[in-house]
Amino acid sequence: MSFQLEGKNAVVTGGSSGIGLATVELLLAQGARVAWCGRDQQRLEQSRAYMESRYPDAKIFTMTCNVLDKQQVQQFAAAVQQQFSGVDCLINNAGQGRVSNFDNTADEDWLKEVELKYFSVLHPIRAFLPALKQSNAASISNVNSLLALQPEPHMIATSSARAALLNLTHSLAHQFAPDRIRVNSILLGMVESAQWKRRYQERSDPEQSWAEWIGNIAKKRGIPMGRLGKPEEAAQALVFLASPLASYTTGSVIDVSGGFNKHI
Ligand code: NDP
């Protein structure tokens with residue numbers, strides 16, 4: 001099925017790994033022009049080389065950029081505008097979760113988490129807004145977590161910051177509806193990615209393989225589908241929301257958690 005993204009211009013923050021990387025690939029496979037960023041230059045170059053080898057005719061642009069640095073984000077947006085002469089889809093994906101509970105989350109960690117969850121979205125939106133306003137198929141899609149609705153004590157700061165981001169996404173959907181910019185999010189459960197690979201490196205039993213380790217997590221956490229999600233599965237939901245196929249959808253969410261949500 002076509003997502004009707006051929007010839008559209010898309011931006012993915014944090015496109016050099018995990019869910020962002022899978023999203024970049026799906027967008028390219030759909031014929032979109034794609035710009036993406038990340039902080040680590042080597043990882044970014046590797047992702048670019050991979051995409052160039054898979055999609056030699058695609059129009060691609062990459063730039064190192066920390067989404068928490070307003071100036072860098074503005075420079076990234078200006079460079080994308082110069083390369084693509086417009087932006088239709090902004091996908092705010094860059095970030096990571098914080099594993100800590102009430103007792104071991106210091107005040108500065110709360111501030112960092114709130115800064116990450118708000119400004120990883122606010123800086124890119126401000127920077128790309130003028131271009132999005134010119135598009136006739138504009139969308140902003142935010143990667144969020146099921147923690148927004150279903151907090152976990154072992155991720156207390158991330159959970160509450162995720163709830164704030166969900167609330168903000170709803171406000172922005174209303175704010176930008178008159179500009180014909182749709183704003184939606186996906187709510188993730190647990191998705192295999194570099195984040196989880198980093199946690200695997202710190203596992204208590206070094207004998208455990210990756211497959212055993214993630215299989216045990218799915219079992220222990222009681223994920224009804226019995227496994228973690230794949231980055232491609234998150235990407236499919238994101239790209240749907242970003243695409244003209246979701247043309248009458250704004251302020252909405254897609255749950256990508258393998259049934260892990262417990263609310264009605
Ligand atoms: P990965 O670590 O695999 O990918 C994260 C990507 O974001 C990398 O490309 C990374 O590159 C980039 N990034 C991180 N911080 C910044 C920054 N400040 N500025 C620019 N780029 C940045 O993780 P995931 O694919 O799992 O994470 C993607 C999103 O999904 C995150 O927002 C995460 O919180 C969210 N999420 C993931 C879940 C999961 O189970 N995987 C669950 C819930 C939410 P670099 O480090 O080089 O900057």
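**Briefing: surface patch, cavity and pocket**

Val-114, Tyr-118 and Phe-119 make up a nonpolar surface patch with about 220 Å² of accessible area together. This is a predicted model, where local features need pLDDT of at least 70, side-chain atom pairs count only at pLDDT 80 or more, and totals for chains, interfaces and linings use all residues. Residues are numbered from 1 along each chain as its sequence is written, and side-chain values use heavy atoms, without hydrogens or water.

**Patch**
- Patch residues have over 30% relative accessible area and no salt bridge, with nonpolar side chains joined within 5 Å.
- Val-114 sits in helix 4.
- Val-114 counts as partly exposed because its relative accessibility is 35% (the class lies between buried, under 20%, and exposed, over 50%, with a 1.4 Å probe).

**Cavity**
- The structure holds 1 cavity of 30 Å³ or more (on a 1 Å grid, points where a 1.4 Å probe fits but cannot get out).
- The largest cavity has about 90 Å³ of space.
- Its lining has 13 residues, and Asn-93, Ala-94, Ser-120, Val-143 and Arg-162 are the closest to its centre (lining means an atom within 4 Å of a point).
- Helix 4 (107-134) and helix 5 (156-176) each give two or more residues to this lining (helices are DSSP runs, H or I, of at least four residues).
- Helix 4 supplies the largest share, 4 residues.
- By class, the cavity lining has 5 nonpolar, 6 polar and 2 charged residues.

- Of its 13 lining residues, Ala-138, Arg-180, Ile-181, Arg-182 and Ser-247 are the closest to its centre.
- The pocket lining has 6 nonpolar, 5 polar and 2 charged residues.

Note on methods
On a 1 Å grid over the protein atoms alone, a cavity is a set of points where a 1.4 Å probe fits but cannot get out, and a pocket is an open set with protein on both sides within 12 Å along at least five of seven lines; lining residues have an atom within 4 Å of a point. Grid points are joined across faces, edges and corners, and a volume is the space filled by probe spheres set on the points. Ala, Val, Leu, Ile, Met, Phe, Trp, Tyr, Cys and Pro count as nonpolar, Asp, Glu, Lys and Arg as charged, and the others, Gly among them, as polar. Patches are made of residues with over 30% relative accessible area and no salt bridge: like charges are joined within 9 Å, nonpolar side chains (Val, Leu, Ile, Met, Phe, Trp, Tyr) within 5 Å. Accessible areas come from the Shrake-Rupley method with a 1.4 Å probe; for residues, only the protein chains shown count as cover. A salt bridge is a side-chain nitrogen of Lys or Arg within 4 Å of a carboxyl oxygen of Asp or Glu.
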